[in-house]
Amino acid sequence: MTESKKPSKVESLPAPEAGRRVLIKGQQTKAVIIDAALGLASQIGLEGLSIGAVAEVTGMSKSGVFAHFGSREELQISVIREYHDRFEAEVFYAAMQKPRGVPRLQALFDNWMVQTSAEIDSGCIYISGAVEFDDRTGPVRDALASSVATWQTALRRAVELAQEEGQLSRASDAHQIAFEIHGLILALHYEARFLRNPNAADRARQGFQHILARYAGPGTPPEPAPASAAKSPKLVAVPKARRKPAND
């Protein structure tokens with residue numbers, strides 16, 4: 001009597017499970033590509049990003065990268081989304097652990113400062129992207145502007161909560177307060193990255209405390225500067241070699 005052949009583990013897998021493994025592998029590969037593309041975009045900008053450049057840094061073929069995105073434009077948009085997700089996790093969600101009001105607003109600013117500090121020697125996608133796409137139209141600019149607008153809305157809402165708690169003046173314009181806070185980060189990036197001012201971080205922190213004091217609610221003492229501010233390292237931009245983008 002002939003013994004029946006025992007099926008291998010691969011053969012015994014149901015078709016949906018095998019398909020799922022292929023899907024997961026494809027998602028993992030795409031995540032690796034996006035991570036590499038984000039690192040590249042921080043150095044050469046979104047405009048310099050191309051299928052060819054990403055293929056070069058990942059060691060993949062152009063057709064392999066193209067298969068995951070379909071176009072250079074979709075690659076750029078995927079990088080913007082990934083940057084936004086990381087920014088949201090590190091700056092916004094991390095601050096949600098703090099009580100609503102000035103403590104949460106302070107945490108948002110502190111986290112934003114940490115994020116900016118880490119990007120001094122590379123670049124901020126929001127800032128560099130705004131320079132590249134401020135006078136353009138199209139899906140890439142729309143995706144970038146939408147991400148920035150989402151963050152600005154969250155920042156303004158944090159200001160409004162501080163007003164509702166009576167810690168900031170309710171008579172003040174929340175849009176103006178958020179605008180001034182955003183301006184501090186833009187000034188920090190410019191001073192530290194372009195002018196290489198080692199005191200830029202301290203200036204930004206002082207500016208934030210001045211904003212809290214200027215818009216403080218009745219009878220609310222100004223928040224003291226964080227103890228870590230005096231011990232924070234000086235921010236100095238270190239020029240990096242620019243990668244010449246490969247052609248698509």
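This report describes salt bridges, helix packing and a surface patch in a predicted model.

## Salt bridges across the chain

When the whole structure is searched, 12 salt bridges are found. One of them joins arginine 72 to glutamate 47, with the closest N and O atoms 3.5 Å apart. This pair links distant parts of the chain, for arginine 72 belongs to helix α5 (residues 72–95), while glutamate 47 sits in the loop between α2 (15–44) and α3 (51–58), and the two are 25 residues apart. Arginine 72 counts as partly exposed because its relative accessibility is 26%, a value that lies between the limits of 20% for buried and 50% for exposed residues. Glutamate 47 has a relative accessible area of 30%, so this residue is partly exposed.

A salt bridge also forms between the side chains of arginine 100 and glutamate 164, where the N to O distance is 2.9 Å. Here again distant parts of the chain are linked, since arginine 100 lies in the loop between α5 and α6 (102–118) and glutamate 164 lies in helix α8 (residues 139–164), 64 residues apart. Both residues are partly exposed, arginine 100 with a relative accessible area of 37% and glutamate 164 with one of 39%.

How far apart are the closest N and O atoms of glutamate 160 and arginine 157? The distance is 3.5 Å, and the two residues form a salt bridge. Glutamate 160 and arginine 157 are 3 residues apart in helix α8, which means that about one helical turn separates them. An α-helix has 3.6 residues a turn, so residues three or four places apart point the same way. Glutamate 160 is partly exposed at 24% relative accessibility, and arginine 157 is partly exposed at 38%.

These contacts can also be viewed together, because Arg100, Arg156, Arg157, Glu160, Glu164 and Glu165 are linked in a network of salt bridges, a salt bridge being counted within 4 Å.

## How the helices pack

Two packed helices are described by the angle between their axes and the distance between the axes. The table sets out these values for two helix pairs.

| Helix pair | Angle between axes | Distance between axes |
|---|---|---|
| α5 and α6 | about 140 degrees | 7 Å |
| α8 and α9 | roughly 125 degrees | within 9 Å |

The angle of about 140 degrees makes α5 oblique to α6, because an angle has to be over 145 degrees to count as roughly antiparallel. The crossing of α5 and α6 is right-handed. With an angle of roughly 125 degrees, α8 and α9 are likewise oblique to each other, and their crossing is right-handed.

Which residues of α3 are buried? They are Ile51, Gly52, Ala53, Val54 and Ala55. Just after α3 comes glycine 59, which takes a positive phi of about 75 degrees.

On the surface, Tyr190, Phe194 and Leu195 form a nonpolar patch, and together they have about 350 Å² of accessible area. Tyrosine 190, one of the residues in this patch, lies in helix α9 (residues 174–194). With a relative accessible area of 48%, tyrosine 190 is partly exposed, since a residue has to be over 50% to count as exposed.

Note on methods
Residues numbered from 1 in each chain as written. Predicted model: local features only at pLDDT ≥ 70, side-chain atom pairs only at ≥ 80, totals over all residues. Heavy atoms only, no water. Helix = DSSP H or I, 4+ residues; strand = E, 2+ residues; numbered from the N terminus. Buried < 20%, exposed > 50% of the residue type's maximum accessible area, 1.4 Å probe, protein only. Patch = residues over 30% accessible without salt bridge, like charges linked within 9 Å, V, L, I, M, F, W, Y side chains within 5 Å. Areas by Shrake-Rupley, 256 points an atom, 1.4 Å probe, with all protein chains shown as cover. Axes fitted to C-alpha atoms, helices over the stretch in contact; angles between N-to-C directions. Parallel < 35°, antiparallel > 145°, perpendicular 65-115°, else oblique. Left-handed = near helix turned anticlockwise from the far one by under 90°.
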